Amino acid sequence: MNWSISFEPLLSWPFLALVLVPLALLALVGLWFRQRGAVLRFVALLALAAALFNPVFLNEEREPLKSVVALIVDRSQSQDIGDRTKQTDEAVAGLQQRLGRFKQFDVRVVEAGKSDTAEERTETRLFGALEGAFRDVPPSRIGGAIMITDGEVHDTPSGMPDFNAPLHALITGNDHEKDRRIRFENAPRFGLVGKPLDMSYRVISTENETGPVDVRVSVNGEQVSVEHATVGQAMPLQVTIPGAGRNIIELAIDREPGELTDTNNRAIALVDGIRENLRVLLVSHAGERTWRNLLKSDASVDLVHFTILRPPEKQDGTPINELSLIAFPTRELFVEKIKDFDLIIFDRYQHRDVLPILYYDYISEYVEKGGALLIAAGPEYAGEASIARTPLMSALPAMPTGEVVDKAFYPRLTELGQRHPVTRGLDGSATEPPHWSRWFRTIGVQNPQGEVVMKGADNRPLLLLDRKGEGRVGMLLSDQGWLWARGFEGGGPHVQLYRRIAHWLMKEPELEEERLTAEGRGMVLEIRRQTMADDPGPAQIITPSGKTLTVKLDKSEPGVFLGSVQTSEIGLFQVANGDLTALAHVGPVNAPEFADVVSTQERLKAPAEATGGSVRRLASSTGSDVTLPSIVPVRSAGEASGSDWIGLRTTDDSVLKAVSRVPLFGGFLGLGLLLLAMGSMWYREGR
């Protein structure tokens, strides 16, 4: 029972003061001068004041509240090592049983580290879970927290936790654990293709080793070298980036006997390969400026453009020393530096003895050995001076018929063109007729080789893409692309098309007809298959643990098939489809969860001691049997830990259930007392 007194005045406080203060002054004056009846008048005034103030006795019925105790259980992946899971389960069961004996505690069990998000799966965030457990609890009701963990916590606060209650940590594992791991010290995110990239790494051991360790270096799944590292020292490493796009650099060391795990015996670095500026040689006679303008606007292209304005046979009497034109450097370009170019473009070029016949043979050889050649053909290609009548003919995908078809038509994609990455999904190609302007000229060819991806008037080949030896050749059989560039009849996707043609010729990976890529997004492995086939079949996956999965690839658009799989494993996945393979890393690279797996008391020692709590191991150094401390309820100012016990605070908070009221001057009793006092005063005054 909780008794208290409360005043519920019948009149407002200002009015009471206006009435009672003068009367009180008169009564006090009477007492001071010892007037007759002054005592009775003062008693009557007190009775009147008590009646007006209306005092009430209150009896509150309260129910005591429980202290909230959080039991935070670490279920992160490092807890699966050794006997830690068993120790954790035994500790949880034992603590729940012991805490259940105390009715003053409300126990909340929170398991952390089992989220589906990649970040929470690869980092142990126990203090975030602790904050969530106490989010709806007033500070005065927090009794404390018990964490069951291996001590590798990644969100430990630098100062005191946000609650004023004891924090206790029970550490799984043993204090004689040993482990060896490898990590990258310096791993740039970008590197030039074909150039060595400087990196560094370190091998770390809990045993204070100093001897050499063999480190296997793999690039995109292929071992490239074996390095010899000194434990504990930063070691330099040079890796040549093989290709543009995502490259996976992996370092691996052998597992030692007695090691906790070999998960951290690998380190991964993701490096995006970047090509140096592509070098393009553009040679034209009366060619349009469309190719020149496009290539000059591309920051990744270094363009050398020669326009032949004055052929050697032209004789107009102009003195040589007055000519402002430079001689065409044929030997320098096509003999000495031809290998430096990634692409050679002949834009409406015809043979007019500017290039010696032998040099066309050099260009054919350049293509056979891996070079790229593009023919932007105009009427010149069908004439007597066509470059198809030179030794270059061995590199060309189609020979001219001599016919020039001057007829309006809409360039259209062929069935192959709808699937080919160069022309697939061109803006405006999905409608019939295509949503772009017409062209008015097509150069006739016979027996085209390679892939016809666009067609012109009368379904004649318009765009040919072919492979010659190790190189590639493209042929655009019309000189009307400038109509799209000028916006005639709304124009067309000339920039998109021309750029794709040039980059396919220069072997950009994104434009390969047959390509398999895989990428990890969160904890999902996404697979993309680019193919000219109708159905590539399912993809086979090998997980980091060695399991084999099969994933169906569904058609997303012509030439593109997609598949995905949800996974709980973190690491390198190997994906195969047909003759193609790909690697992908799922989850954060070099996750903190496995950066250091040795159980420790140090990380939680500071926050536990700051709250009056404690940190102790569950198992002894010689075994895995769990020894739990006793639970002791303590007051807020008392000690919260001892050698074999941990304390949890109880609260004084309660909730009001009911209130009983007893008015002192209510009813006939109050009226009688008031009349008695007033009557006594008047009686005395009458005498």
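Q: Leaving aside neighbours within four places in sequence, which residues is isoleucine 387 in contact with?
A: This is a predicted model, so read every value as computed from it. Once neighbours within four places in sequence are set aside, isoleucine 387 is in contact with Tyr349, Gln350, His351, Tyr360, Ile375, Tyr381, Leu392, Met393 and Leu396. Isoleucine 387 lies in the loop between strand S18 (372-376) and strand S19 (399-405).

Q: Is isoleucine 387 buried or exposed?
A: Use the cut-off: buried means under 20% relative accessible area. Isoleucine 387 has 1% relative accessibility, so it counts as buried.

Q: How far apart are isoleucine 387 and phenylalanine 346 in sequence and in space?
A: Keep the two distances separate. In sequence, isoleucine 387 and phenylalanine 346 are 41 residues apart. In space, their C-alpha atoms are 9.5 Å apart.

Q: What share of contacts between residues at least 6 apart in sequence join residues at least 24 apart?
A: In this protein the share is 70%. Of its 687 residues, 46% are buried.

Q: How do S20 and strand S22 pair?
A: S20 and strand S22 (residues 451-455) pair in the antiparallel sense, over two bridges. Leucine 413 stands opposite methionine 454 in S22.

Q: Which strands are at the edges of the open sheet of four strands?
A: Start with the order, S25-S26-S30-S29, with antiparallel pairing. The edge strands are strand S25 (515-521) and strand S29 (554-557), each pairing on one side only. From one strand to the next, the twist averages 30 degrees. Inside this order, strand S26 (residues 524-530) and strand S30 (residues 560-566) pair in the antiparallel sense over seven bridges. Glutamine 530 stands opposite valine 560 in S30.

Q: Why is the ring pair of tryptophan 439 and tryptophan 484 called tilted?
A: Two values describe a pair of aromatic rings: the distance of the centres and the angle of the planes. The count of aromatic pairs here is nine. For tryptophan 439 and tryptophan 484, the ring centres are 4.9 Å apart and the planes stand at 55 degrees, so the pair is tilted. The pair links distant parts of the chain, 45 residues apart: tryptophan 439 is in the loop between H9 and S21, and tryptophan 484 is in helix H10. Both tryptophan 439 and tryptophan 484 are buried.

Q: Which residues do ring pairs link into a cluster?
A: The cluster holds Phe409, Trp436, Trp439 and Trp484.

Q: What sits over the ring of tryptophan 504?
A: Check charged groups against ring centres. The charged end of arginine 472 sits over the ring of tryptophan 504, 4.8 Å from its centre.

Q: What does the side chain of threonine 651 reach?
A: Threonine 651 reaches the backbone oxygen of serine 140 with its side chain, at 3.0 Å. Threonine 651 is in the loop between strand S35 (645-649) and strand S36 (654-663). Its relative accessibility is 12%, so threonine 651 counts as buried. With neighbours within four places in sequence left aside, its contacts are Leu65, Lys66, Ser67, Ser140 and Arg141.

Q: What is phi of glutamate 489?
A: Phi of glutamate 489 is near 50 degrees, a positive value in a residue other than glycine. Glutamate 489 is in the loop between helix H10 (481-485) and helix H11 (494-505). Its relative accessible area is 39%, so glutamate 489 is partly exposed.

Conventions. Residues numbered from 1 in each chain as written. Predicted model: local features only at pLDDT ≥ 70, side-chain atom pairs only at ≥ 80, totals over all residues. Heavy atoms only, no water. Buried < 20%, exposed > 50% of the residue type's maximum accessible area, 1.4 Å probe, protein only. Pairing = 2+ DSSP bridges. Axes fitted to C-alpha atoms, helices over the stretch in contact; angles between N-to-C directions. Phe/Tyr/Trp six-rings, centres within 6.5 Å; stacked < 30°, edge-to-face > 60°. Lys NZ or Arg CZ within 6 Å of the ring centre and 35° of its normal. Polar contact = N/O pair within 3.5 Å; in protein donor to acceptor, adjacent residues only side chain to side chain. Contact = heavy atoms within 4.5 Å.
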